[in-house]
Amino acid sequence: MNSRQPYRLRYRPIVAVAAVAGIVLTAAACTSSSTSSTPSATTSTSASSGSTASTSTTPAASSSPVTISIDCAPPASQQPQQHKEWQEDVAIFEKANPSITINSVYNYPCESPPTFTAMLRAGTEPNLFYTYFTDLPQVLLSGQAADITSYVNSTTVPNLDSIVPGAMKAVTAGKTIYGLPTSDYTQGLIYNRKLFSEAGLNPNDPPATWAEVEKDATAIAKLGNGIEGWGDYSAGNNGGWHFSSYMDALGGSMVDSATAPPTANFDNADGLAILTALHTLRFTDNAMSATQGLAWGTLQEQFAQGKLGMYIAAPDDIYNVIVPSDKGNLSDIGMGALPTVSGKPAGSLSGGNDFVFAKNDTPAQIEAGIKWIDFEDYTPGVGQFNFTRQKADGFPVGFPEPTLFTGTVESQINQLRSASSTINISYYQAFINANEASDGEPLDAQAVYKSLDPTMLAVLTEANANIPALLKQAATNVNDVLQFVAG
């Protein structure tokens, strides 16, 4: 579970964050405070230079001195190159904004669930603290977020209207904004080009429909030697996570937020088609492992060992896990679109991370924090989008994420990314061309995912699974979870 940025490697919340059920998300849950204190944390001020990134889009400096503490700075001992880039950006920003001092809170990983919960309970979060997209209910329940709605507009964030709606949804409750997203991912089909070739398949033509998945997975499984054609999760909330993404790809959704209370929305033809396809792969085609109940990390390892033909994930599974950690071969890997019935995905469950503003932040600290995020995370060619520097520092460049923007802003970022690419982008072109919409995550996502894990497990372990009954029971369980959650 990792970030979209080379200096922010972390675990995805799917297995790391406990479900927070029964939380009413109201716009008035938290408000900003006029208290001038800065939350305590172990910090240090960065002041090195060296980057040539343009600062032309950095807003003019304010006149009154202000200090802001920022979470998730990369430690030198664990992420030396990322640390170097972070310090360079802090130096550039502080030079352009001499009244603003950045106190960097160095931590890796950026969020440990027990520590995160303890921080919220104690109210010791930095001025800008890192959260996963699924963390907002817990943050609001703790009362530790500032309402920054009045500070966020097209003047303070020039590219605001281009941020994908699903990412902004993750930091918004009702009409109230509590933070700003800084990365966003969508999922696609990761496939082994080498196994495709060995099975007589075209490695440049990944399957797009479930029927094509079945055909290709069956062919790969027939290679034998412990090689499986398709892999999926059914534990650690990950089974429900994948099921949700399959639903998004078909144009459906896990939760109907228009009802009061919200209700499950997957006990239908879409849900039946997905589970039937997976059950067929497992028991009719024998294209999946007999060992199921898998959680995050197992499929990446199998894939890296050349024992798995396909599974769904975001691009960072490749450059953060399969290649560096599990020692897979980058040249063997390609990506395509999420499978659907028609072959044209309507969208993808998305996720990512953001920075929430602490409830005791002063107006000046909120303004300074927004200015920093606009510089570091929203400016093509700068900060996380300084692909020229990333290439020079030895990071792999070219993977199609973060998918944080739409329209001309995203096109500009893609052009800059392609110009500095160090990978074979053609291997990922099918995923790029699909351009799947970022749908965000369902209400009370972790509880919803957890409710679907048993369904996925039954479908992948029971030859005579009653899929309609499983869907109905899962919907009942999700409705129980959602009855106290506001849409």
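A salt bridge is taken here as a side-chain nitrogen of Lys or Arg within 4 Å of a carboxyl oxygen of Asp or Glu. The model is predicted. By that criterion, the structure holds 7 salt bridges. Arg 389 takes part in one with Glu 88, with an N to O distance of 3.0 Å. Arg 389 lies in helix H13 and Glu 88 in helix H2, so this pair ties together parts that are 301 residues apart in sequence. Both ends are shielded. Arg 389 has a relative accessible area of 8% and is therefore buried. Glu 88 is buried as well, at 6% relative accessibility.

Arg 389 also forms a salt bridge with Glu 85, where the closest N and O atoms are 3.9 Å apart. This second pair again links distant parts of the chain: Arg 389 belongs to H13 (residues 387-392), Glu 85 to H2 (residues 80-96), and 304 residues separate them. Arg 389 and Glu 85 are both buried.

A further salt bridge joins Asp 216 and Lys 215, at 3.6 Å from N to O. Asp 216 counts as buried, at 7% relative accessibility. Lys 215 is exposed, with a relative accessible area of 55%. Elsewhere, salt bridges that share partners build one network from Lys 84, Glu 85, Glu 88, Asp 89, Arg 389 and Asp 393.

In one of them, the rings of Phe 243 and Phe 266 have centres 5.9 Å apart and planes at 85°, so the pair is edge-to-face. Phe 243 lies in helix H8 (residues 238-249), and Phe 266 in the loop between strand E11 (263-264) and helix H9 (269-284); the pair thus links distant parts of the chain, 23 residues apart. Phe 243 is buried, at a relative accessible area of 0%. Phe 266 is buried too, with a relative accessible area of 0%.

Phe 399 and Tyr 428 make another edge-to-face pair, with 5.4 Å centre to centre and 65° between the planes. Phe 399 sits in the loop between H13 and helix H14 (407-419), and Tyr 428 in the loop between H14 and helix H15 (429-434), so the pair ties together parts that are 29 residues apart in sequence. Both Phe 399 and Tyr 428 are buried. One aromatic cluster is formed by Trp 86, Phe 93, Trp 372 and Phe 375.

Charged groups also meet rings. Arg 193 lies over the face of Tyr 427, at 3.7 Å from the ring centre. The charged end of Arg 282 sits over the ring of Phe 283, 4.3 Å from its centre.

The buried residues of H9 are Gly 271, Ile 274, Leu 275, Ala 277, Leu 278, His 279, Leu 281 and Arg 282. An α-helix has 3.6 residues a turn, so residues three or four places apart point the same way. The cover over the buried residues of H9 includes helix H7 (210-221), strand E9 (228-230), H8, helix H16 (445-461) and helix H17 (467-482). At the start of H9, a side-chain oxygen of Asn 268 comes within 3.1 Å of the backbone nitrogen of Asp 270. Just after H9, Asn 286 adopts a positive phi of about 50°.

How values were computed
Residues are numbered from 1 along each chain as its sequence is written. This is a predicted model: local features need pLDDT of at least 70, side-chain atom pairs count only at pLDDT 80 or more; totals for chains, interfaces and linings use all residues. Side-chain values use heavy atoms; hydrogens and water are left out. Helices (H or I, at least four residues) and strands (E, at least two) are DSSP runs, numbered from the N terminus. Buried means under 20% relative accessible area, exposed over 50%, partly exposed in between (1.4 Å probe, protein chains only). Rings of Phe, Tyr and Trp (its six-membered ring) pair if their centres lie within 6.5 Å; planes under 30 degrees apart count as stacked, over 60 as edge-to-face and the rest as tilted. A charge sits over a ring if NZ of Lys or CZ of Arg is within 6 Å of the ring centre and within 35 degrees of the ring normal. Contact means heavy atoms within 4.5 Å. A polar contact is a pair of N or O atoms within 3.5 Å; within protein, one must be able to donate a hydrogen and the other to accept it, and residues adjacent in sequence count only if both atoms are side-chain atoms.
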